[in-house]
Amino acid sequence: MEEKKFTILDFKRKKDSGEKITMLTAYDFAIASIIEGIGVDSILVGDSLGMVVLGRDSTVSVTMDEMIHHTKAVRSGVKRAFLIADMPFMSFQVNDEEAVRNAGRFVKEAGCDAVKIEGGREVVSRVEAINKAGIAVMGHIGLTPQSTSKLGGYRVQGKNEVSASRLAEDAVLLEKAGCFAIVLECLPADLAKKVTLKAGIPIIGCGAGPYCDGQVLVTYDMLGLFSRFKPKFVKQYADLTCIIGDAVRTYVDETKRGVFPDKDHSF
Ligand code: KIV
């Protein structure tokens, strides 16, 4: 029997019951199928794509077409999990109309369940406009990688009183604007706890401590597939770089020695 689809209502149900929400990123069919098969609640096609898959220095150059291409691949492997696509830099910043048009592309062309948008008070009208078009929106505040030039780099946010209360206010504004959930990235655990307790919608932590309603990690980080740098909050659950390296080394060695292909792998 097919497992029941995780919907926006399940996000709220889990928040209310205190059950933790699980979310991971994916960028292709193979990894998305594995994550879906394990029963992860939600899959995010993050614009982290630019760094971990496309090998760029930041996320800002990721385009709508690249996001749509990868989201379609992920969609092919995901039937049950709630699929969210990240709106890339400059796909929503200019005005509400462009934001709605691009959010609509994710739903129409790539079959997404929702979109994620970075920013606080400055994106409230975007969230409202996308919502009005019938598309669910997840917010993202704290360390927002699309604006690291303004933030002065990849650094923990909300460390002083002014910045902490601004972030707490942003969460309230995003909830009022209609976000169904908010990602908090790189915040002190106590601030994330306050935001989580106050919010009526699920708060998903990414480097925001244990008190959030759920957690999201970049899958390539937690699997040890991205070694350029490792944020402190990432727990590495596997070392796939090592596993893949061993397999490739063995293949090269066996091919050179004529051990592969053997009878079992020939016609
Ligand atoms: O792009 C991404 O993968 C993200 C998550 C880290 C939340 O925004």
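The legends below describe close-up views of a predicted model. Local features require pLDDT of at least 70 and side-chain atom pairs count only at pLDDT 80 or more, whereas totals for chains, interfaces and linings use all residues. Residues are numbered from 1 along each chain as its sequence is written, and side-chain values use heavy atoms, with hydrogens and water left out.

**View 1. Packing of helix α6 against helix α8.**
Helix α6 (residues 124-132) packs on helix α8 (residues 161-177) at an angle of about 20°, and their axes lie 9 Å apart. Helices (H or I, at least four residues) and strands (E, at least two) are DSSP runs, numbered from the N terminus. Axes are lines fitted to C-alpha atoms, for helices over the stretch in contact, and angles run from 0 to 180 degrees between N-to-C directions. The two helices α6 and α8 are therefore roughly parallel to each other (under 35 degrees; over 145 is roughly antiparallel, 65 to 115 roughly perpendicular and the rest oblique). The contact (heavy atoms within 4.5 Å) involves Val124, Val127, Glu128 and Asn131 of α6 together with Leu173, Leu174 and Ala177 of α8.

**View 2. Packing of helix α2 against helix α4.**
The axes of helix α2 (residues 29-38) and helix α4 (residues 64-77) cross at roughly 40° and come within 7 Å. That angle makes α2 oblique to α4. Phe29, Ala32, Ser33 and Glu36 of α2 meet Ala73, Val74, Ser76 and Gly77 of α4 in this contact.

**View 3. The nonpolar cores and Ile130.**
A nonpolar core is a set of buried Ala, Val, Leu, Ile, Met, Phe, Trp, Tyr and Cys residues joined through side-chain atoms within 4.5 Å. Buried means under 20% relative accessible area, exposed over 50% and partly exposed in between (1.4 Å probe, protein chains only). The largest nonpolar core has 60 residues, and Phe106, Ile130, Ile182 and Leu184 have the most contacts inside it. Helix α8 supplies the largest share of this core, five residues. A second, separate core of 16 residues includes Phe6, Phe11, Ile21 and Met23. Leaving aside residues up to four places away in sequence, Ile130 touches Met87, Ala99, Val100, Ala103, Val115, Ile117, Ile135 and Val137.

**View 4. Surroundings of Ile203.**
Ile203 belongs to strand β7 (residues 203-206) and is buried, with a relative accessible area of 0%. Residues up to four places away in sequence not being counted, Ile203 touches Ile182, Leu184, Val195, Thr196, Cys212, Asp213 and Gly214. The C-alpha atoms of Ile203 and Leu9 are separated by 14 Å, the two residues being 194 residues apart along the chain.
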